[in-house]
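Please keep the sequence and the structure in view while reading.

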Amino acid sequence: MPKAKQSKRRKRFDYNTDRKKLKKKFIKKAKPRIEHAQIRNAWDDNKSTARNLQEMGLSFDPNQTLPIKKQMLLGGDKEDRRPAHVITKPYILDKLQEEASLQEKDSKTLSSDLIEYVQYMIREHKDDYKAMARDEKNYYQDTPKQIKRKINEYKRCHPQHYEAFTSSLTAPETMVQ
C-alpha cells in the first residue's frame with residue numbers, strides 16, 4: 001500500500017513558536033505544582049502518586065479505599081479483610097485534620113459603593129423601604145424588597161460598622177459656635 005503524500009513532506013523549522021515556552025508548558029503538565037506545603041515537602045518524585053498518597057495516609061482511589069459492599073443472598077457473612085497500609089508520614093494527616101477543624105471566617109464583604117448607598121438610604125429614610133425605592137439616588141430602580149435585602153446583607157457582613165453607624169445617627173450632634 002502506498003504511503004500518504006503528506007508523510008514524505010520535508011520538516012521545516014517553525015520560527016514562530018517559542019521552544020522555551022513549549023518546554024515549560026510540557027513540564028507544567030507533567031508535574032503540576034502541589035499547593036499544600038506539607039504535602040509538597042513530603043512528596044517523593046521517585047514514587048508513584050498512589051504510593052506517595054498511601055504513605056501519607058490519603059486515598060488515591062476512593063473506590064478502592066471505601067468499596068461498595070455487595071449484598072449476600074443466603075447467610076454468606078464473609079468479611080474482606082485487607083492488610084492495613086502502613087502510614088510512614090502521619091504528620092501530614094494530622095496537619096490536614098488540624099487545618100480542616102479550624103473554623104473559617106466569613107470573608108464576604110460588600111463593595112464600598114453599596115455600603116455608601118445603604119448608609120445614605122438609612123440616613124434619609126430610616127425604615128421606610130417604599131420611600132427608599134422612590135428616592136432619586138436609587139439609580140438601579142431597586143424594589144423595596146431588594147433594598148431591604150441589601151440592608152440586611154450590610155447588617156450581616158458588617159455588624160460593627162452598622163452598629164456604629166446607627167448609634168451615630170441617634171446621637172444628636174451639637175454645633176459649636
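A residue is called buried when its relative accessible area is under 20%, exposed when it is over 50%, and partly exposed in between, with a 1.4 Å probe and protein chains only. The model is predicted, so local features need pLDDT of at least 70 and side-chain atom pairs count only at pLDDT 80 or more, whereas totals for chains, interfaces and linings use all residues. Residues are numbered from 1 along each chain as its sequence is written, and side-chain values use heavy atoms, with hydrogens and water left out.

**Overall composition**

- The protein chain holds nine helices and zero strands, where helices (H or I, at least four residues) and strands (E, at least two) are DSSP runs numbered from the N terminus.
- Of its 177 residues, 18% count as buried.
- The accessible surface of the protein chain is about 16,600 Å², and 52% of this belongs to carbon and sulfur atoms; the areas come from the Shrake-Rupley method with a 1.4 Å probe, and for residues only the protein chains shown count as cover.
- Of the contacts (heavy atoms within 4.5 Å) between residues at least 6 apart in sequence, 50% join residues at least 24 apart.

**Helix α9**

- Helix α9 spans residues 159-170, has 12 residues and reaches 17 Å from its first C-alpha to its last, close to the 16 Å expected at 1.5 Å a residue; the expected span is 1.5 Å times one less than the number of residues.
- Y162, F165 and T166 are the buried residues of α9.
- Viewed down the axis of α9, these buried residues fall within an arc of 95 degrees, so they line one face of the helix; the arc is that of the directions from the helix axis to the C-beta atoms.
- Q160 and E163, on the other side of α9, are exposed.
- The cover over the buried residues of α9 includes α6 (112-125) and α8 (144-157).

**Aromatic rings**

- Rings of Phe, Tyr and Trp (its six-membered ring) pair if their centres lie within 6.5 Å; planes under 30 degrees apart count as stacked, over 60 as edge-to-face and the rest as tilted.
- The count by this rule is two aromatic pairs.
- F13 and Y15 have ring centres 4.9 Å apart and planes at 75 degrees, so this pair is edge-to-face; both F13 and Y15 are exposed.
- Y154 and Y162 have ring centres 6.0 Å apart and planes at 80 degrees, so this pair is edge-to-face; both Y154 and Y162 are buried.
- K137 lies over the face of Y120, at 5.0 Å from the ring centre; the rule asks for NZ of Lys or CZ of Arg within 6 Å of the ring centre and within 35 degrees of the ring normal.
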